[in-house]
Amino acid sequence: MINRRKFINASAFTSLAALVGKKAWATPEYETVKGKPIVISTWDAGLNANKGAWGILGKNGRALDAVEAGVMVTESEQSCCVGLGANPDREGIVTLDACIMDEFFNCGSVAFLERIKHPVSVARRVMEKTPHVMLVGNGAQQFAIAEGFPLEEQTLSPDAEKAYREWLKKSEYKPVINIENKKQSAFAPSRLSTGEWLPGGQAGNHDTIGMVAMDSQGNLSGSCTTSGMGFKMRGRLGDSPIIGAGLFVDNEVGACTATGQGEDVIRMCGSHTVVEFMRQGFAPEAACKKAIERIIKIKGEKVKDIQVAFLALNKKGQRGSFAIHKGFSYAIKSHDIEMLVASKSWFL
Ligand code: SD4
């Protein structure tokens, strides 16, 4: 059963917020980053990805270029579960989804794409070179080839090959995404004097990276790229390539990206919902929490088996996250700090 005390606390808090307006959601000091630019991205792979983004942001480059370059780092890491090195679908084929969005509501997306190393860059080409937002499957691959992207070999990485062989033994179709709290019991999270939380233990295997950034001009952009759920049904898409679900950017308000069980992000238009909460005046962490509460309300007891996390940045450069379960972490880089932060979560 879901912890009812928490439900009661949460609804009391929500009504309090309604009574006193924005003040109940005053931004904690640690959410305020002094100065731009800033980049934040999901999970521990975000540390390297942020470095890639910083190569552009640190030179006063555009956030759009930064969020593309940043997640390309992760797409290239063979040891990582994003990109062609990732786990395949249940037929043994790696299929990739990605999207990107800039400060002018321009956006592009690819899904069910095979044998292309950088789906995020194909998504950007869709945005810049076609009248469309989304291309999928063979059509997306055909477009990528026409744009000069090389067609890679259709092989599995050694790790993915091993995992797939293991999975084939039972071929059990039971997708479980990123509930790290069980794996993460080894170290307790610790709090720094800045108010930041360092996560406990090691983050587990993730098949997605979402990134949002603000450049020195104050403009926002975001990207999201994934191999999706490991051993998924052939043709299955999650939230990551869907604008408004896995990613949304409104340059007047803020940007958000999501990770976790995509189906439950899609059904409540997750990232768009978080941005709309920020428009209402909620700070990023509070906005993410409200969206998570909505998923909890929709899913009821089933929420015990799923993980979803939102990560958001607002126009003031404040950032925050919230997850259903503990174990979600995100990486941040600005002129002041470079670190991994443990997210707050509904279940402690
Ligand atoms: C999906 N949201 O395909 C992705 C999975 C994910 O870390 O975020 N994994 O549903």
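Of the protein's 348 residues, 58% count as buried. The model is a predicted one. Its secondary structure comes to nine helices and 14 strands. Among contacts with a separation of 6 or more, 65% join residues 24 or more positions apart. The exposed surface comes to about 14800 Å², and carbon and sulfur atoms supply 53% of that area.

Trp-43 counts as buried because its relative accessibility is 1%, and the cut-off for buried is under 20%. Its backbone deserves a look too. Most residues other than glycine have a negative phi. Trp-43 has a positive phi, near 60°.

The crossing of the two is right-handed. Helix 2 brings Asn-48, Ala-49, Gly-52, Ala-53, Ile-56 and Leu-57 to the contact. Helix 3 answers with Ala-63, Asp-65, Ala-66, Ala-69, Gly-70, Val-73 and Thr-74. By class, this contact has eight nonpolar residues, four polar and one charged.

Arg-62 lies in the loop that links helix 2 to helix 3. Its relative accessible area is 28%, so Arg-62 is partly exposed. Neighbours within four places in sequence aside, Arg-62 is in contact with Ile-56, Asp-102, Glu-103, Phe-104 and Asp-215. Ile-56 also belongs to the helix 2 side of the contact with helix 3.

Move on along the chain to the next helix pair. Helix 4 (residues 119-129) and helix 5 (residues 137-146) pack with their axes 10 Å apart, at an angle of about 80°. An angle from 65 to 115 degrees counts as roughly perpendicular, and helix 4 and helix 5 are therefore roughly perpendicular to each other. Val-122, Arg-125, Val-126 and Lys-129 make the contact from helix 4, and Ala-140, Phe-143 and Ala-144 make it from helix 5. Five of the residues in this contact are nonpolar, two are charged and none is polar.

Helix 6 (residues 158-170) holds Tyr-164. This tyrosine is buried, because its relative accessible area is 11%. Leaving out neighbours within four places in sequence, its contacts are Pro-88, Asp-89, Arg-90, Glu-91, Gly-92, Leu-156 and Phe-231. Take Phe-231 from that list. Tyr-164 and Phe-231 are 67 residues apart in sequence, and 7.6 Å separates them in space, C-alpha to C-alpha.

Now turn to strand 10 (residues 254-260), where Gly-260 is found. Its relative accessibility is 11%, so Gly-260 counts as buried. Gly-238 is 22 residues away from Gly-260 in sequence, and the C-alpha atoms of the pair are 9.2 Å apart.

Cys-269 has a phi of about 45°, a positive value although the residue is not a glycine. Trp-43 likewise has a positive phi.

The last stop is the pair formed by helix 8 (residues 270-279) and helix 9 (residues 284-299). Their axes are 8 Å apart, and they pack at an angle of about 130°. Helix 8 and helix 9 are therefore oblique to each other. Helix 8 passes helix 9 in a right-handed crossing. From helix 8, the residues in contact are Thr-273, Val-274, Phe-277 and Met-278. From helix 9, they are Pro-284, Ala-287, Cys-288, Lys-290, Ala-291 and Arg-294. By class, seven residues in the contact are nonpolar, one is polar and two are charged.

Technical notes:
Residues numbered from 1 in each chain as written. Predicted model: local features only at pLDDT ≥ 70, side-chain atom pairs only at ≥ 80, totals over all residues. Heavy atoms only, no water. Helix = DSSP H or I, 4+ residues; strand = E, 2+ residues; numbered from the N terminus. Buried < 20%, exposed > 50% of the residue type's maximum accessible area, 1.4 Å probe, protein only. Axes fitted to C-alpha atoms, helices over the stretch in contact; angles between N-to-C directions. Parallel < 35°, antiparallel > 145°, perpendicular 65-115°, else oblique. Left-handed = near helix turned anticlockwise from the far one by under 90°. Contact = heavy atoms within 4.5 Å. Nonpolar A, V, L, I, M, F, W, Y, C, P; charged D, E, K, R; others polar. Areas by Shrake-Rupley, 256 points an atom, 1.4 Å probe, with all protein chains shown as cover.
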